[in-house]
Amino acid sequence: MKDKIQDVLNTVENFTADTVEELESFRIKYMSKKGIIPALFGEFKNVAPEARKEVGMALNELKNKTQEKLNVLRRQLTEKTASGEQQDMDLTLPVNFSRQGTRHPLSVVRRQILDIFARIGFTVSEGPEIEDDWHNFSALNFREEHPARDMQDTFFVDDKDEKIVLRTHTSSVQVRVMEHQQPPIRTVSPGRVFRNEAISARAHCIFHQIEGLYVDHNVSFADLKQTLYYFAREFFGEHTKIRFRPSYFPFTEPSAEMDISCNICGGKGCNICKYTGWVEILGCGMVDPQVLDNCNINSEVYTGFAFGMGIERITMLKYQINDLRLFFENDLRFLDQFHAAY
Ligand code: PHE
């Protein structure tokens with residue numbers, strides 16, 4: 001028994017390992033539950049009582065020295081790897097890229113739009129998504145019987161009280177800004193809006209808008225046109241044309257809808273522009289004097305223009321996305337296509 005122990009001790013002491021794997025098989029061979037050393041401990045019960053003391057000590061020494069050897073070798077090997085000394089590292093292997101998140105396309109476009117307006121002096125303002133009737137409707141000249149207040153379009157927060165709603169447009173932020181600030185006002189307001197609409201490729205009950213408001217002395221429709229022309233060219237490209245069609249909003253007079261020349265077919269006609277060469281991108285108009293007065297801005301002294309656009313719609317046009325639901329599904333195959341966008 002003593003000789004056996006001595007033999008094992010000799011092998012252990014002479015052992016060297018070049019790799020972590022070698023060291024591990026050494027550990028398994030000698031120290032694991034079914035390894036050589038535990039087996040020797042197993043044989044201890046057969047040792048004659050008078051030899052037990054000596055054999056016991058030898059066994060313990062063997063076990064401790066083996067453990068120590070393992071520790072030393074392990075330390076040496078990890079130091080080697082850390083200092084890059086190990087020779088079998090393959091530097092030609094391709095790098096393992098870890099997956100990186102991307103900005104959501106709506107965030108990308110919101111930022112592009114805000115940047116464009118920041119360059120001509122528009123600040124950014126935000127307002128609450130849960131609004132009262134005054135800011136969402138009344139201050140903006142929606143009369144009591146206006147169909148937009150109807151349950152079909154508006155989400156009411158409280159069944160019994162029709163005074164608190166989820167805002168149906170970002171025009172509510174115009175009102176808040178004007179109530180708190182006298183002209184000159186030049187601001188854009190991005191945000192989520194809510195309408196009780198069936199979800200389809202072209203509509204959703206939650207979407208995003210950016211509102212624009214400019215109030216000062218002598219602001220005219222010419223200023224509105226030039227500002228939006230600048231925006232259209234910056235955003236869709238310098239060859240973009242614009243046109244205005246008369247429209248109606250309760251809070252602007254006159255009101256218009258603005259189209260851009262179709263950026264997909266260049267105006268020749270395609271299924272995106274329904275072969276008209278034009279696509280609608282926003283609503284706009286001169287702020288109705290009554291709205292200025294509602295917000296304590298003297299309409300005898302000041303005039304202003306406002307516009308509002310849907311971020312989803314503009315993103316769909318810019319990136320030729322044909323289904324609005326893609327923005328809300330979080331499908332990585334879609335989102336990953338916006339890697340390069342900031
Ligand atoms: N709030 C209008 C809408 O949601 C858009 C708009 C904003 C129109 C500002 C004119 C002026 O449709």
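Me: What should I know before reading any values here?

Reply: This is a predicted model, in which local features need pLDDT of at least 70 and side-chain atom pairs count only at pLDDT 80 or more, while totals for chains, interfaces and linings use all residues. Residues are numbered from 1 along each chain as its sequence is written, and side-chain values use heavy atoms, with hydrogens and water left out.

Me: How many residues surround the ligand, and which are the closest?

Reply: A residue is near a molecule if one of its heavy atoms lies within 4 Å of it. Here 14 residues surround the ligand, the closest being His 169, Ser 171, Arg 195, Gln 209 and Glu 211.

Me: Which side chain has an N or O atom 2.9 Å from a nitrogen atom of the ligand?

Reply: A polar contact is a pair of N or O atoms within 3.5 Å. The side chain of Ser 171 supplies that atom, whereas a polar side-chain atom of Arg 195 lies 2.9 Å from an oxygen atom of the ligand.

Me: Where is there a cis peptide bond?

Reply: The bond from Pro 183 to Pro 184 is cis, with omega near 5 degrees, and the bond from Glu 253 to Pro 254 is cis too, with omega near -5 degrees.

Me: Is Asn 218 buried or exposed?

Reply: Buried means under 20% relative accessible area, exposed over 50%, and partly exposed in between, using a 1.4 Å probe and protein chains only. Asn 218, which has a positive phi of about 55 degrees although it is not a glycine, counts as exposed at 69% relative accessibility.

How values were computed
Polar contact = N/O pair within 3.5 Å; in protein donor to acceptor, adjacent residues only side chain to side chain.
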